[in-house]
Amino acid sequence: MTPHDIQRRNLLRGFLAAGCALYLPVLAGCRDKELPRAESNPNPGKGPLPAVEVPPEAAPIGVVPPATTPGGKMTKADARYQDQPKGEQSCAQCTNFVPASNTCQLVEGQVSPQGWCSLWASKTT
């Protein structure tokens, strides 16, 4: 190991220690708060509470929410749509594909049965 490698390793360890030191007070504050217990469920015996929609402006810093069209579907660019299949995966074999209209339940506009996007989900799962 060269002196440069040792210097670099020590620098990285220092950054890690500083990051941990900044995070520890946050963890310590978590112990002060009481977590909700199962007995205090405001909806007992009726299953889980409904999901709460978070507005896009409340997304975590650095996370860009996907663009959606007025119909609530994702844009082709954000879904990483392509007109050719990805291996054995194609729109025709996706659970979201609507063959009667060559459309997708999640992606805007018409899509090719031979196309593919990152939202692909097998019909046979």
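Q: Where is Gln89 found in this predicted model?

A: In this predicted model, Gln89 is found in the loop between helix 2 and strand 1.

Q: Is Gln89 buried, partly exposed or exposed?

A: Relative accessible area is read against two cut-offs, with buried meaning under 20% and exposed meaning over 50%. Gln89 counts as partly exposed because its relative accessibility is 28%.

Q: Which residues does Gln89 contact, leaving aside its neighbours within four places in sequence?

A: Setting those neighbours aside, Gln89 is in contact with Gly115, Trp116 and Trp120. Gln89 and Trp116 lie 27 residues apart along the chain, and their C-alpha atoms are separated by 6.7 Å. The side chains of Gln89 and Trp116 are also joined by a polar contact of 2.8 Å.

Q: Where is Asn96 found, and which residues does Asn96 touch beyond four places in sequence?

A: Asn96 is found in the loop between helix 2 (76-79) and strand 1 (97-98). Asn96 is classed as buried because its relative accessible area is 11%. Beyond four places in sequence, Asn96 touches Thr103, Cys104, Gln105, Leu106 and Leu119.

Q: What is the place of Phe97, and is Phe97 buried or exposed?

A: Phe97 has its place in strand 1. With a relative accessibility of 8%, Phe97 counts as buried. Not counting residues up to four places away in sequence, Phe97 touches Cys91, Ala92, Asn102, Thr103, Val111 and Pro113. A further reading pairs Phe97 with Lys123: they are 26 residues apart in sequence and 9.3 Å apart in space, C-alpha to C-alpha.

Q: Which residues make up the largest nonpolar core?

A: A nonpolar core is read as a set of buried residues joined through side-chain atoms within 4.5 Å. The largest nonpolar core here has ten residues, namely Met74, Ala79, Tyr81, Cys91, Cys94, Phe97, Cys104, Val107, Val111 and Cys117.

Q: Which residues does Tyr81 touch, not counting residues up to four places away in sequence?

A: Tyr81, one of the residues of the largest nonpolar core, touches Lys76, Cys91, Val111, Ser112, Gly115, Trp116 and Cys117 on that basis.

Q: How many cavities of 30 Å³ or more are there, and what volume has the largest cavity?

A: A cavity is a space where a 1.4 Å probe fits but cannot get out. The count comes to one cavity of 30 Å³ or more, and the largest cavity has a volume of about 80 Å³.

Q: Which residues line the largest cavity, and how do they divide into nonpolar, polar and charged?

A: The lining consists of Tyr81, Cys91, Cys94, Asn96, Phe97, Cys104, Leu106, Val107, Val111, Cys117, Leu119 and Trp120. These lining residues divide into eleven nonpolar, one polar and no charged.

Q: What phi has Asn102, and where is the place of Asn102?

A: Asn102 has a positive phi of about 50°, although Asn102 is not a glycine. The place of Asn102 is in the loop between strand 1 and strand 2 (103-104). Asn102 is partly exposed, with a relative accessible area of 27%.

Technical notes: Residues are numbered from 1 along each chain as its sequence is written. This is a predicted model: local features need pLDDT of at least 70, side-chain atom pairs count only at pLDDT 80 or more; totals for chains, interfaces and linings use all residues. Side-chain values use heavy atoms; hydrogens and water are left out. Buried means under 20% relative accessible area, exposed over 50%, partly exposed in between (1.4 Å probe, protein chains only). Contact means heavy atoms within 4.5 Å. Helices (H or I, at least four residues) and strands (E, at least two) are DSSP runs, numbered from the N terminus. A polar contact is a pair of N or O atoms within 3.5 Å; within protein, one must be able to donate a hydrogen and the other to accept it, and residues adjacent in sequence count only if both atoms are side-chain atoms. On a 1 Å grid over the protein atoms alone, a cavity is a set of points where a 1.4 Å probe fits but cannot get out, and a pocket is an open set with protein on both sides within 12 Å along at least five of seven lines; lining residues have an atom within 4 Å of a point. Grid points are joined across faces, edges and corners, and a volume is the space filled by probe spheres set on the points. Ala, Val, Leu, Ile, Met, Phe, Trp, Tyr, Cys and Pro count as nonpolar, Asp, Glu, Lys and Arg as charged, and the others, Gly among them, as polar.
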